[in-house]
Amino acid sequence: MTAPDDLLAAARAARAHAHAPYSGFAVGAAVRGASGRVYAGCNVENAAYPQGLCAESVAIGACVASGETKIVEALVVADSVAPTTPCGACRQRLREFAADEAPIHAVDADGVVATYSLGSLLPHSFGPSHLPPSSRKSAT
Ligand code: THU
């Protein structure tokens, strides 16, 4: 299986900046917005451990901060023995902006790629469509 070159390159570049002094497990992630633009992130750990951020969270944040709220594809890369898939919390974070059909690529240390749909990683999920329209507020 192959991963999109642009997503993989962006995730690897971000991973080089991972702040992972506690776990030693550097992770890179990249998401593609509906525009085609790619946003990357790395994990950012904290001395107060629970305050650490996953690479996917950082990439999603960069995407939204750039004005994009639809994610069509994502990729995670780590030096893991098997492809690292997004943690449960990050699956839910992706769910906010991506459809069930969105491909999520996981790449390990040897470049082995596993691709899943978001819906297969987070089946029967809770998302924005479950809330009444009246509960959605605009930012302005
Ligand atoms: N981590 C990610 O950034 N993304 C994942 O998909 C899995 C785990 C980070 C969190 C923590 O900084 C380190 O990897 C070890 O769990």
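A pocket here is an open set of points on a 1 Å grid over the protein atoms alone, where a 1.4 Å probe fits, with protein on both sides within 12 Å along at least five of seven lines; lining residues have an atom within 4 Å of a point.

The model is predicted: local features need pLDDT of at least 70 and side-chain atom pairs pLDDT 80 or more, while totals for chains, interfaces and linings use all residues. Residues are numbered from 1 along each chain, and side-chain values use heavy atoms, without hydrogens and water.

I counted 14 lining residues, with Phe-25, Val-27, Asn-43, Glu-45 and Cys-54 nearest the centre of the pocket.

I then checked where the ligand is, and found that it sits in this largest pocket (more than half of its atoms lie within 2 Å of the grid points).

I looked for polar contacts (N or O pairs within 3.5 Å). A polar side-chain atom of Glu-56 is 2.5 Å from a ligand oxygen. Backbone N or O atoms of Ala-55 and Thr-85 also face ligand oxygens, at 2.8 Å for Ala-55 and 3.4 Å for Thr-85.

Conventions. Polar contact = N/O pair within 3.5 Å; in protein donor to acceptor, adjacent residues only side chain to side chain.
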